[in-house]
Amino acid sequence: MSDWDGYGERDARGRRDDGYGRGSGQAQPEGAQRMRRVQRQPQQPPQRPGRPPVPPQAPPQGGRPGYGVPQQAQAPASGYDSGYNTGQVYGRPAAPGSPGQRPPGGPGGPGRPQGPAPDWRKRIKIGSIAVVSVLLVTGIGTYFWADSQVRREVDLSKVIERPKEGDCTTYLIVGSDSREGMSDEEKKKLHTGSAEGKRTDSMMILAKCSSGNTMISLPRDSDVEIPSFVGSQSGKKFPSQGRRVKLNAAYAEDGPELLVRTVEFNTGLRIDHYAEIGFAGFANIVDALGGVELDIEQGFKDEKSGADFKAGKQTLNGEQSLAFVRTRYAFAESDLQRTKNQQKFLSALASQAATPGTVLNPFSLYPVMGAGLDTLIVDKDMGLWDMGQMFFAMKGISGGDGVSMNMPISGQRGGNLVWDKAKVQQLVKEIQKDQKVTVRGQ
């Protein structure tokens, strides 16, 4: 029997050497032996009853799987795992449907549970509430701060024998020549002089009515009678002596209370509120607003007031504004023309102050209010709401919602301007009954 049976050689003792775990004992190493290749057949998916059988798939062309064959061609048809690495890098989500894709819900996979979508309606609601709360707190704080700055020094309860109340709200607005709080340099710059005390430099009645607002200037040279009155300081009653004086003399004699009493007595119109501002406050408000734009119809110059204007549209600062409203000697109509200029300027001032850009902007509102409130003197019953109504009424007049005029004049007496009594009575009647004003003055 031959020693070679195809499975190995026998050694000296007759034992078969199958080549496992021992050398061949030959001087030269054995050549490579070819192992038989076993072709694995792909498993077919189980057939479901009622469905056509799935035909067997041919093995991929081009050699063994994983060698030069596209990855898509190597994908098993029914979950078969060839054992070859697909090149999938763990930690990164694979493309949907590619081999090696992590199961849904795995770390970083497309099926990872997501948090709830943001509720934008709720966020907007919370944000709106926060904004409204801030505005509310700011508004309340501003109100109390501004209210604390107002000087309520005029007591209208001291005015006696008052006319009946009308349907309109009336304001007596006074511009005084008070130099309170002004330095010598400011007095020189504003051409105010250094006179002691204070006098009225301008006076006007503002009637706020539903039928239309009316602004009536009262010339300081108006001829009026000083009626009986109670002293604002002494409390003593002074009987009427029939004295006829210029209107500004009433203020110089016993202050705002006597001025209100004199206006009511000579017009028959009840005054609901009183507001007064001095030179310094007037100029500071204009500067805080950044100036007031005004269209001057005819240029004029006045050394006493410091006015020097050319015709045309221009922006006036505080110094120029004060000169504009105080000038009287440059006009043939003197005080009558001055009152017209005062009305025109105050309407423009109110129109620019009562705007959203000023009211809603704290960087503009606070300087303006701070510049005027500490020099503004009002009656004890006048609140911030009443002041706002006053400014908006003046703004309405500049916008064409109402009329502005001088008190109707019939002539002169000893240099004083005499009012036209018939027209004054008609004017007062229309205001008291909240009727459209038809009377016109100079």
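Both faces of strand E19 (residues 416-419) are covered in this predicted model, with Asn-416 and Val-418 on one side and Leu-417 and Trp-419 on the other all buried (under 20% relative accessible area, computed with a 1.4 Å probe on protein chains only); strands are DSSP runs of at least two residues and helices runs of at least four, numbered from the N terminus. Strand E18 (residues 409-413) pairs with E19 in the antiparallel sense over four bridges, where pairing requires at least two DSSP bridges, and Ile-409 stands opposite Trp-419. Two residues lie between the strands of this hairpin, in which Gly-414 takes a positive phi near 60°.

The structure holds two cavities of 30 Å³ or more, a cavity being a set of points on a 1 Å grid over the protein atoms alone where a 1.4 Å probe fits but cannot get out, with lining residues having an atom within 4 Å of a point. Among the residues lining the largest cavity are Lys-164, Asp-167, Arg-270 and Gln-432.

The second largest cavity contains about 30 Å³ of space; strand E8 (229-230) and helix H4 (247-267) each supply at least two residues of its lining, and the largest share, three residues, comes from H4.

Residues are numbered from 1 along each chain as its sequence is written. In this predicted model, local features need pLDDT of at least 70 and side-chain atom pairs count only at pLDDT 80 or more, whereas totals for chains, interfaces and linings use all residues, and side-chain values use heavy atoms, with hydrogens and water left out.

Technical notes. On a 1 Å grid over the protein atoms alone, a cavity is a set of points where a 1.4 Å probe fits but cannot get out, and a pocket is an open set with protein on both sides within 12 Å along at least five of seven lines; lining residues have an atom within 4 Å of a point. Grid points are joined across faces, edges and corners, and a volume is the space filled by probe spheres set on the points. Buried means under 20% relative accessible area, exposed over 50%, partly exposed in between (1.4 Å probe, protein chains only).
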